[in-house]
Amino acid sequence: MQPGSGSFIVTSACSQHSKGPTTSGMEANSSGAAASEPKFTNRLKQEKSPYLLQHAHNPVEWYPWGEEAIQRARAENKLIFLSVGYSTCHWCHVMEKESFENEEVAKIMNEHFINIKVDREERPDIDKLYMMFVLLINGSGGWPMSVWLTPELAPVTGGTYFPPNDRWGMPGFTTVLTKLASKWSTDKEDLVTTGRSVIEAIRRNVDHKRADEVEDATNVETLEAKFKQAVNMYQRNYDPVWGGSLGAPKFPEASKLNLMFHLHVQEPKHKVLGVVLNTLDKMAAGGIHDHVFGGFARYSVDKKWHVPHFEKMLYDQGQLLSLYANGYRLTRKPSYLAVADAIYRYLCKDLRHPEGGFYSGEDADSLPTADSEEKIEGAFYAWTYDEIKQIMDANVDKFGDLSGVDPMAVYAGHYDVKKDGNVKPTSDPHGHLLGKNILIVYGSVRETAEKCNTTTEVVERILKTTNELLHEVRDKRPRPHLDTKILCAWNGLVLSGLAQLACVKDAPGRSEYLATAEQLVKFIRANLYDVQARKLLRSCYGGAEESLASERPIYGFIDDYAFLIKGLIDYYVASLDEHALHWAKELQDIQDELFWDPKHGAYFYSEANSPNVAVRLKEDHDGAEPCGNSVAAHNLLLLSDYFEEERLKEKARTLFDYFAHTAHFGYVLPEMMSAALLEEQGRNTLIVVGPESPEAVALVDSVRQFYVPGMITVQLKIDQPPHIVRSRKSLDNFKMVKNMPTAYICHNKVCHLPVTEPERLTEEFQPRYTFDYQEYEN
């Protein structure tokens, strides 16, 4: 297709479900410069984002997104080349190596275009806007995202990864560059017209989206119909063998699993719990799960969860921490608590800033050895059979008495380790994992013990000891790149996960989880909140000797507010720290002021009057992360109950009305579906009256150990002034019985008889909120 009238369709990106340099922007070192100095340095050298810094020494005259680049494009009347990615993106690295490090390609780029690099995690508003365009014209998207814009920021064509030269039926990057440069010089008006029409179409879509539908409530499915549709869709699209959705690649899809937990608690007869539990089991058994030390990769390339795309992202760790913690709270299956604890250990060791915040993620690629010159995907995580055997043989004394059992036979049998490797060529097209093994479990500890004629205790000891040894050896390998950007939204997801895990009464690490959550709240307050502006910051930046703050702060977007507010509410339940609840309410008020659309309803993604943002979007689907509107619906309902503010509940209802016509509502917006169920069914409230004491905490613990969607928890400390300000004095009616800490369980303003023994509360909740996982096993 011709530039301007269509698109360049490309594949092999990081899937979404990727004149010469002037002295003003580039420094080209003289031939007499020290060999260690880079040949080129561009404006990205002044940035904080690890992704932008990765490109600071390209021969391309890169600009960060901002006024300087855009004004130059307008002054020189040039097209903008916008390249969007993130530092742990494999195909972003490939395109950099093939094209952006190539001086001949850079010469074309610098002569004909103003070139802008964007870290999608730092500026998700820019990424989402132009990804919408790429999806519209290509039908698929991913990273690196490559889009060409007019000086007025209207997109004219784009794609994802482009090879350097024409191949596989795809236009090469240089081909696209030269054709667009020619088109711009000969038929500029056609491209300008195309760009304007695209922006106007997107703007109209946002401005008028569902406006008529909101006013016309006819033909809207009932929530009951949406409930049945969601159950049917999840069961129909479910892979009964390997869990998750049918086919490959396979993503965790945490929002959908969260909704299925809620659906099952509400109506156990549909037995959708089996869908979630089998998925959690197969993910934990698969290679997507790091068996050596914990944490999950972003997705697997095959249907078995075996061979992952090896990058580990913070948003996945936070959401899966919640899922496995809640899976344990629902079923008491020990392996779920073990997996959650391993995620926690990984987070604290490998992704945590010394002051308590968490970094964005780790790359898929790394050097196979310290002497290697080229990074390859999965080098850090893959093992040969001989490597594992040598490590075990050298440490045979650490296994204790094995009664003649061969530990290598046990370990290899359990994790499918083979002498020739266990990765199929279809999952390894580049041959990087040839002869290597990615650990995966196809059976169980009990089955391994039976096959090896030993006990489960011996098997568990062998697996634990070997993984500790492998972890020690692996830590001496060259590590994947660590993105030290600290994002508010993703830290909010981790705060929720830590809080859910800290609600597990019998977790050995419970006090650690809560202390880590507390430190995270303090970190966010100190480093991701601008007190003067009364706004959250999108990001701050780690690194051993760096200042956390940026000279050019980026203020938060809707998901920064919504995810953090949810994290603070969850943290309040785990800690009973009312200061956290009050900060959540304060942030909700700020969110409403900055992002709410008073004309049509729902939240915009970015603030009004954001500079150089062509269109304010509204997110309308839950993907790898839930969308801000979905999470906000939950937050509004819960804060409305805590603070007795009806206007918050009305906002939630407006959100439901705005999105009511969404096709396949429970599948596209599962988190919002969960909130809508809470609104229709009402929330349970636990009120504990009494002085602050272990007895009062025991009453709270007896309830919060269970997964109860939307549970409101209030502790009335009679020996302290109340911090939760309510508009009515309804809580005055709740009194202690026999001068003992007393619990009341209420639903829709109807309360059960008071209880003073924690065991009584446990007996009441256990039959309703605990399920036998063995009933749902394949």
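Domain bounds here come from an automatic or database domain assignment. For the protein chain, that assignment gives domain 1 (44–208), domain 2 (223–380 + 481–681), domain 3 (385–476) and domain 4 (684–769). This is a predicted model: local features need pLDDT of at least 70, side-chain atom pairs count only at pLDDT 80 or more, and totals for chains, interfaces and linings use all residues. Residues are numbered from 1 along each chain as its sequence is written, and side-chain values use heavy atoms, with hydrogens and water left out.

**Domains 2 and 4**

The centres of domain 2 and domain 4, taken over C-alpha atoms, are separated by 28 Å. Their contact (heavy atoms within 4.5 Å) takes 27 residues from domain 2 and 24 residues from domain 4.

**Cores**

A nonpolar core is a set of buried Ala, Val, Leu, Ile, Met, Phe, Trp, Tyr and Cys residues joined through side-chain atoms within 4.5 Å. Buried means under 20% relative accessible area, exposed over 50%, and partly exposed in between (1.4 Å probe, protein chains only). The largest nonpolar core has 244 residues. Trp65, Tyr130, Trp148, Phe173, Tyr324 and Leu587 touch the most other members. Helix α20 (residues 558–575) gives the largest share of this core, twelve residues. Helices (H or I, at least four residues) and strands (E, at least two) are DSSP runs, numbered from the N terminus.

Take Leu587. Not counting residues up to four places away in sequence, Leu587 touches Tyr529, Leu536, Tyr561, Leu564, Ile565 and Leu568.

**Buried spots**

Nine of the eleven residues of helix α3 (residues 90–100) are buried, so this helix is largely enclosed by the rest of the structure. Among them are His90, Trp91, Cys92 and Phe100. Gly159 lies in strand β9 (residues 155–159). Gly159 is buried, with a relative accessible area of 0%. Gly159 and Met145 are 14 residues apart in sequence and 6.1 Å apart in space, C-alpha to C-alpha.

**Cavities and pocket**

On a 1 Å grid over the protein atoms alone, a cavity is a set of points where a 1.4 Å probe fits but cannot get out. A pocket is an open set with protein on both sides within 12 Å along at least five of seven lines. Lining residues have an atom within 4 Å of a point. Grid points are joined across faces, edges and corners, and a volume is the space filled by probe spheres set on the points.

| Space | Volume | Lining |
|---|---|---|
| Largest pocket | about 1,700 Å³ | 47 residues |
| Largest cavity | about 670 Å³ | 36 residues |
| Second largest cavity | about 150 Å³ | 16 residues |

Asn326, Gln500, Lys566, Asp570 and Tyr707 lie nearest the centre of the largest cavity. Its lining draws at least three residues from each of domain 2 and domain 4.

The second largest cavity has Gly287, His289, Asp290, His291 and Tyr381 closest to its centre. Its lining draws at least three residues from each of domain 2 and domain 3.

The largest pocket also draws at least three lining residues from each of domain 2 and domain 3. Ser335, Ala338, Val339, His414 and Val445 lie nearest its centre. Helix α13 (334–350) gives the most to this lining, with nine residues.
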